[in-house]
Amino acid sequence: MRATFSGFEIAKTGIQSAETGLDVTGQNIAKMNTEGYSRQTVEQSSVYFESSSYKYAPVNNTVVGQGVSLDKINQIRDQFLDSRFRTANSQASELKKLHSILSGIENIIDETLTDGLGSTLEEFYKSLQTLASNAGDIEYSGLTRSSAKKMIESLNYYIEQLNTVKEQEEYDLSVTVDDVNTLLKNIDKMNRAIQVETLNGNPTNELLDTRNLYFDKLSENLEITTISNADGTVSVMVGGEYLVDPQNSTYETVSLQNTAGYMTINAGGTELSITSGTLKGYLDALNGKGAYATAGENNFNGIQYYKSMLDDFAASFADTMNDLNGAGKPLFEGNTAESIAISPEWLEDANFITCTILTTAEDGACMLSHAPSCTILTTAEDGACDNILRMINTLDSDISITPYFNGTFDEFVKSMMSDIAIDTKYVSDVKYTAAKVLSSIDNQRESIKGVSLNEETVNLLKYQKAFEASSRVITALDEMLDTIINKMGTVGR
Amino acid sequence: MRMTNRMMSNSYLKNLNNSLEKMNETNYLITAERSYMKLSDDPATALKAMKVRKSLSRIEIYENNLSDAQGIIDQYESTISSINSISKEALAQVLQGITGTSDINVKKTVAKTLRGFQETILAAANTKYGDDYIFGGDQVGKAPFSLDGSGNLLYNGQNVETGTFHDEFRYIDVGIGLDVDASGNVAPKSAFNVSTSGAVLLGTGVDGNGITNNLHNLLGDIAEKFENDDLSDIQLYSDKLNEKASDIRIQYVSIGAKSDYISFFSERLYSEKTNAAKRQSELEGINLEEAIIIFSEQELAYNACLQMGSKLLQPSLMDYLR
């Protein structure tokens, strides 16, 4: 037997399902451009005939189903793509940051369009050559002094600029660390909200979207591992450390530690091992000592590497020139790129530069520039330029400028340029590839979770028609009942 | 693949931006007429170009040095030329004095002329080029020749007849591999020696007959003999003068070799410079025609991209339903 109002109930579920479908479609269209939104669908199922509620088995097989049941509003996401996206995002962001810092360093060292250390060094060399032809002439030794000064100034300028880049990046890093902390706090907050709503049986789709967006943003700064827990919360791990641990209702605050210029990111008192993300980019650029790194130190060619290179250049240059100028007659003072300067004696007298070390002695014993017993007989005014030629020759000879570099000063400057050029080029190329990979994964992800307007328009029509049809069913049933109640058995009335 | 509107608009924006970025890059290169703007654009080329820049700068230095050397050599040449004619003239005068009349006045005149030549030679030997006394050997800051209280000729403070003199060098680096040996001395073949010792030019010491080797002093001694009318051993002196005169002539002629050397290197440097400049423009310069074609292609792509945008971004099924 069919219950009288059974059809109404079925049609009602149809109307409800159509209405909800329209609501969800409306929501999808409204949020199609909202960051982090994943499209939603209505999960519905058939209400099936359950025999256990009947005392007797139905006589025939004409019992229909009981309409449709609205189970859940689902969001469409692919967790595998989410984690791939985050890994790619970490890598792409790291390279982007690294490239921007390296470009900053390159700007300082590059001499393609501007004058820098290399060209001022060449100018100094040129002035020595001119002095060699005009030895003793105060005008030309003055020229040599001013070109030496220019070179020293460009060294000072390099260091100053590198320090500016360093300070700027350190500041940016501290801001990024603050961002990370805000995100961790927000994730924890979301975890708690989701936990409560899940317990209460309420929908959590929007909360999940927000939390996922936080994960995406966090993955920009450092590579995270997420572990889903049964209660709907998610734990966040970085390098084996729990940063958000809902199981124990805790979350860590990361902090920036500066140990004598060596920056580390710490959480809960231990150093975090950061494998990618902008934080890794910052750390590499700020900590990287290149060839100067001892075991366990960061050996990326970072700011510290170039600073050490410049310091070694300054020290070696000052040493070499001072030695050549004779014992106790320093042309330069200071042994770092920051402190190197023209010595006060040379500043006072341009002819302080030793043009000749020839003596009356013909035996040649005194020809050695460093023999302290030599009395320098001739003064610069005599015009002999043998010592200037020695300086010129030394500038063209191989010198151990750093423990890792043996060559001329000029080659040293070029090797510095080649280091930064090759590193920047490499990072720029890899950055491009990483961005491509990221964009392709993002597209795949968007292809699954994004809202398609065409699809939603079709849904709109579908649900509208379904609503109309279900309503029509009710009208038909109503008319049927009307017939039975009001028109049946009225013959002769 | 399921396409969404966001995907379309995102990738459209990305592509539009890429296209604009490329145009911007090409625009930079064309305006600057360079094939790269910074090291990392093309490290290999940029570093090669740096090397070429250095060799251009070096060539410029050597050219300057060579032209300095040429100036000095030219000055030598004209000075030695005048000393050469003086010594010839002096020889003629002396020969005339010996063979000619025994008139004491004529002899006095010869003596006077010789004294005059002495002064001219001294002045010539103290010639300056710029601020340098070119016959000062390695000490060009002060006049090399002077006379002490008793009239002895001094070269750099030493008596030319009794002093000891060594080889003198003033090297100019002309790019033939300047080399300084272990004891700090310049290897002679590795640089150009522009010093000329006045002592060598005029002669030092005395010969076996006790006659001075110095032209200036020799002229003085001969003048003295004419003044005193004592021509007993004049033949020895006139022979000596003859010898000195040919010595000066040889020195004069040998300058030509130095000049040739300089012009040979100047020419070589010039062709090196031309090559390096060509190489530089190959490395750093841009092929304008090619670059402009590339730019036009990019412009076309950008325009197409823009046009596509108006069609791509708007329509969806929405637009076709009532």
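The model is predicted, with an ipTM of 0.83 and a pTM of 0.85. Chain B has a mean pLDDT of 87. In the contact between the chains, 46 residues of chain B meet 51 residues of chain A.

**Confidence**

- For the model, ipTM is 0.83 and pTM is 0.85.
- In chain B, 97% of the residues reach a pLDDT of 70 or more.

- On the chain B side, α1 (5–32), α2 (43–99) and β6 (171–172) are the elements that give two or more residues.
- The largest share of that side comes from α2(B), with nine residues.
- By class, the side of chain B that touches chain A has 20 nonpolar, 13 polar and 13 charged residues.

- Strand β4 (residues 234–238) of chain A runs antiparallel to strand β5 (residues 241–245) of chain A, and three bridges join them.
- Within this pairing, A:V236 stands opposite A:V244 of β5(A).
- β4(A) and β5(A) make a hairpin that has two residues between them. In its turn, A:G239 has a positive phi of about 50°.
- β5(A) also pairs with strand β6 (residues 250–251) of chain A, in the antiparallel sense and over two bridges.
- Here A:D245 stands opposite A:T250 of β6(A).
- The hairpin of β5(A) and β6(A) has four residues between the strands, and A:S249 takes a positive phi near 45°.

**Helices α7 and α10 of chain A**

- Two packed helices are described by the angle between their axes and by the distance between the axes.
- Helix α7 (residues 303–325) of chain A packs with helix α10 (residues 409–449) of chain A at an angle of about 175°. Their axes are 11 Å apart.
- Angles over 145 degrees count as roughly antiparallel, and α7(A) and α10(A) are therefore roughly antiparallel to each other.
- From α7(A), the residues A:Y306, A:M309, A:F313 and A:F317 take part in the contact. They meet A:F409, A:F412 and A:M416 of α10(A).
- The contact of α7(A) with α10(A) has seven nonpolar residues, no polar residues and no charged residues.

Notes:
Residues numbered from 1 in each chain as written. Chains lettered and ligands numbered in written order. Predicted model: local features only at pLDDT ≥ 70, side-chain atom pairs only at ≥ 80, totals over all residues. Contact = placed C-beta atoms within 7 Å. Nonpolar A, V, L, I, M, F, W, Y, C, P; charged D, E, K, R; others polar. pLDDT = per-residue confidence, 0-100. Pairing = 2+ DSSP bridges. Axes fitted to C-alpha atoms, helices over the stretch in contact; angles between N-to-C directions. Parallel < 35°, antiparallel > 145°, perpendicular 65-115°, else oblique.
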